Amino acid sequence: MSSLILSSPSGKLASDMRGAWWLLSREDWTKDGQKKIDPVLGADPIGILTYASTHFAAQFMKRNRTNDTAGQTFKAGQNNTSAVGGYDAYFGTYEVNEETGKVSHTLIGSITPSNIGITVFRDLRVNNDTLMIRLETTTVEGEPIIRTLTWARLS
């Protein structure tokens with residue numbers, strides 16, 4: 001299994017995570033080590049993420065957005081957001097727990113109206129100019145997975 005084991009929280013996550021980030025990879029793994037490909041965003045989506053002092057914005061897109069998914073809304077797994085036509089975008093506020101490295105994100109706006117108002121939880125770590133995000137979620141069929149996102153700092 002290639003699921004990331006996160007380092008211990010640094011105690012300065014809130015300041016380290018501020019800035020703009022470019023998505024390098026997004027991987028989903030089952031608890032028994034099988035890699036899963038997200039049918040909504042695909043194996044190699046592109047994305048950008050920004051953190052200001054109290055607010056954030058995130059955008060994800062499937063690299064090949066063919067017409068067969070245009071306008072379709074895809075149900076999200078637990079602790080996750082929904083996407084429309086291979087695209088997901090949302091923004092809101094966040095709070096950092098420095099002791100645990102967990103960050104709660106509360107959505108104020110989203111491309112998917114049903115996402116507005118939800119709070120999702122992520123484990124974050126920053127190592128130099130790399131941001132790692134890990135979350136437990138489920139596939140659209142309900143199978144538990146661990147998702148790991150790796151980001152490179154843009155600014």
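How many helices and strands does the protein have? It has one helix and 11 strands. The model is predicted. Along the sequence the pattern reads α-β-β-β-β-β-β-β-β-β-β-β. The protein has 155 residues, and 45% of them count as buried. Ten salt bridges (10) are present, along with one cavity of 30 Å³ or more.

**Cavity**

- The largest cavity has a volume of about 50 Å³.
- Its lining consists of Arg26, Glu27, Asp28, Lys35, Lys36, Ile37, Asp38, Gly42 and Ala43.
- By residue class, the lining holds six charged, two nonpolar and one polar residue.
- Which strand gives the most to this lining? Strand 1 does, with three residues.
- Strand 1 covers residues 19-30 and strand 2 covers residues 35-36; each supplies at least two lining residues.

- Two of the lining residues, Arg26 and Asp38, form a salt bridge with each other.
- Their closest N and O atoms are 2.8 Å apart.
- Arg26 lies in strand 1, and Asp38 lies in the loop between strand 2 and strand 3 (46-51), so the pair ties together parts that are 12 residues apart in sequence.
- The cut-off for buried is under 20% relative accessible area.

- Lys31 forms a salt bridge with Glu136, with 3.9 Å between the closest N and O atoms.
- Lys31 sits in the loop between strand 1 and strand 2, and Glu136 sits in strand 10, so the bridge ties together parts 105 residues apart in sequence.
- Lys31 counts as exposed because its relative accessibility is 54%, and the cut-off for exposed is over 50%.

- The side chains of Lys102 and Asp123 meet in a salt bridge, at 2.9 Å from N to O.
- This pair links distant parts of the chain: Lys102 is in strand 8 (residues 102-110) and Asp123 is in strand 9, 21 residues apart.
- Lys102 counts as partly exposed, at 41% relative accessibility.
- Asp123 counts as buried, at 18% relative accessibility.

**Salt-bridge network**

- Side chains of opposite charge can pair when their charged atoms come close.

**Contacts in space between positions apart in sequence**

- Asn97 and Asp123 are 26 residues apart in sequence, and their C-alpha atoms are 9.6 Å apart in space.
- Asn97 belongs to strand 7 (residues 87-97). Asn97 counts as partly exposed, at 35% relative accessibility.
- Asp123 is the salt-bridge partner of Lys102.
- Arg153 and Ile48 are 105 residues apart along the chain, with 9.9 Å between their C-alpha atoms.
- Arg153 lies in strand 11. Arg153 is partly exposed, with a relative accessible area of 25%.

- Asn128 is found in the loop between strand 9 (119-127) and strand 10 (130-138).
- Asn128 is exposed, with a relative accessible area of 64%.

**Nonpolar surface patch**

- Which residues make the nonpolar surface patch of about 310 Å²? Trp22, Leu24 and Leu154 make it.
- Leu154 lies in the segment after strand 11 (144-153).

Conventions. Residues are numbered from 1 along each chain as its sequence is written. This is a predicted model: local features need pLDDT of at least 70, side-chain atom pairs count only at pLDDT 80 or more; totals for chains, interfaces and linings use all residues. Side-chain values use heavy atoms; hydrogens and water are left out. On a 1 Å grid over the protein atoms alone, a cavity is a set of points where a 1.4 Å probe fits but cannot get out, and a pocket is an open set with protein on both sides within 12 Å along at least five of seven lines; lining residues have an atom within 4 Å of a point. Grid points are joined across faces, edges and corners, and a volume is the space filled by probe spheres set on the points. Helices (H or I, at least four residues) and strands (E, at least two) are DSSP runs, numbered from the N terminus. Ala, Val, Leu, Ile, Met, Phe, Trp, Tyr, Cys and Pro count as nonpolar, Asp, Glu, Lys and Arg as charged, and the others, Gly among them, as polar. Buried means under 20% relative accessible area, exposed over 50%, partly exposed in between (1.4 Å probe, protein chains only). Patches are made of residues with over 30% relative accessible area and no salt bridge: like charges are joined within 9 Å, nonpolar side chains (Val, Leu, Ile, Met, Phe, Trp, Tyr) within 5 Å. Accessible areas come from the Shrake-Rupley method with a 1.4 Å probe; for residues, only the protein chains shown count as cover. A salt bridge is a side-chain nitrogen of Lys or Arg within 4 Å of a carboxyl oxygen of Asp or Glu.
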